[in-house]
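Colleague: I am new to this one. Could you show me the structure and let me ask how you know what you say about it?

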Amino acid sequence: MHSAIASSEERMKKTVASLKDGFASLRTGRASASLFDKIKVDYYGEKSPLSQVANISIPEARLIVIQPWDKALIGEIEKAIRSSELSLNPSNDGKVIRIAIPPLTEERRKELAKAAKNQAEQSRVAVRNIRRDGNDELKKFLKSGDLTEDEEARNSEELQKLTDSYITKVNQVLEEKEKEIMEV
């Protein structure tokens with residue numbers, strides 16, 4: 001495998017991983033600890049990820065329980081969740097924070113599905129741009145005499161197959177997320 005193809009594949013892998021990360025923070029009607037991945041809590045003047053200052057558990061499909069390791073943080077954690085884009089309403093009893101995940105309205109489901117489609121389309125465009133960069137690199141190797149025309153054509157074909165497989169992966173990730181979003 002040519003180095004241009006290997007580096008292209010590495011970049012395509014990162015694109016799919018980035019899409020999965022982006023989808024993790026899209027709220028569905030189901031409770032998930034990954035919803036809080038981007039939430040930072042003020043911990044003695046430092047912004048710390050929620051997962052580093054509390055235990056997040058899901059005892060039921062629509063309930064999240066957050067237990068801070070330091071009880072003094074309960075107010076800060078609640079404030080961080082309320083001010084996030086998640087539109088969640090936490091309640092605390094002095095020891096733990098409970099968050100009931102409300103079922104999504106049909107309209108909200110459609111908005112989330114549309115947002116997921118947009119993220120997936122951006123990923124498909126990124127994969128195609130990586131293919132273009134790889135082909136440009138192969139052409140440079142051809143011009144410098146490091147590749148013959150046959151080798152360049154073979155490598156270009158391999159790059160296209162790689163692109164097709166990563167576009168398929170993006171579509172599969174999107175399909176799974178849409179199923180999760182539309183589930184009542």
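Modeller: We can go through some helices first and then a few single residues.
Modeller: This is a predicted model, where local features need pLDDT of at least 70, side-chain atom pairs count only at pLDDT 80 or more, and totals for chains, interfaces and linings use all residues. Residues are numbered from 1 along each chain as its sequence is written, and side-chain values use heavy atoms, with hydrogens and water left out.

Colleague: What span should helix H1 have, and what span does it have?
Modeller: Helices are DSSP runs of H or I with at least four residues, strands are E runs of at least two, and both are numbered from the N terminus. The expected span is 1.5 Å times one less than the number of residues. H1 (residues 3-24) has 22 residues, so it should span 32 Å. Its end C-alpha atoms are 32 Å apart, which agrees.

Colleague: Which residues of H1 are buried?
Modeller: Buried means under 20% relative accessible area, exposed over 50%, and partly exposed in between (1.4 Å probe, protein chains only). The buried residues in H1 are Ala4, Ile5, Ser8, Met12, Thr15, Val16, Leu19, Gly22 and Phe23.

Colleague: How do you know that they are on the same side of H1?
Modeller: They cover an arc of only 120 degrees around the axis, so they sit on the same side of H1. The arc is taken from the directions of the C-beta atoms as seen from the helix axis. The face turned away from the buried side carries exposed Lys14 and Asp21.

Colleague: What covers the buried residues of H1?
Modeller: The cover includes helix H3 (106-143) and helix H4 (149-182). Contact here means heavy atoms within 4.5 Å.

Colleague: Why are H1 and H3 called roughly antiparallel?
Modeller: Angles run from 0 to 180 degrees between N-to-C directions, and axes are lines fitted to C-alpha atoms, for helices over the stretch in contact. Under 35 degrees counts as roughly parallel, over 145 as roughly antiparallel, 65 to 115 as roughly perpendicular, and the rest as oblique. H1 and H3 pack at about 170 degrees, with axes 9 Å apart. They are therefore roughly antiparallel. The residues of this contact divide into 11 nonpolar, 8 polar and 4 charged. Nonpolar covers Ala, Val, Leu, Ile, Met, Phe, Trp, Tyr, Cys and Pro; charged covers Asp, Glu, Lys and Arg; the others, Gly among them, are polar.

Colleague: What makes H1 and H4 roughly parallel?
Modeller: Their angle is about 10 degrees, and their axes are 10 Å apart. H1 and H4 are therefore roughly parallel. Their contact residues divide into 11 nonpolar, 3 polar and 6 charged.

Colleague: What do the buried residues of H3 pack against?
Modeller: They pack against H1 and H4. Among them are Leu112, Val127 and Leu138.

Colleague: Why does Ser48 count as buried?
Modeller: Ser48 has 11% relative accessibility, so it counts as buried. Its place is in strand E2 (residues 46-49). Beyond residues up to four places away in sequence, Ser48 touches Ile39, Lys40, Val41, Tyr43 and Val53.

Colleague: Is Tyr44 buried or exposed?
Modeller: Its relative accessible area is 63%, so Tyr44 is exposed. Tyr44 lies in the loop between strand E1 (40-43) and E2. Its phi is near 50 degrees, a positive value in a residue other than glycine.

Colleague: Is Ile99 buried or exposed?
Modeller: Ile99 has a relative accessible area of 0%, so it is buried. It sits in strand E6 (residues 97-100). Apart from neighbours within four places in sequence, its contacts include Phe36, Leu63 and Ile81.
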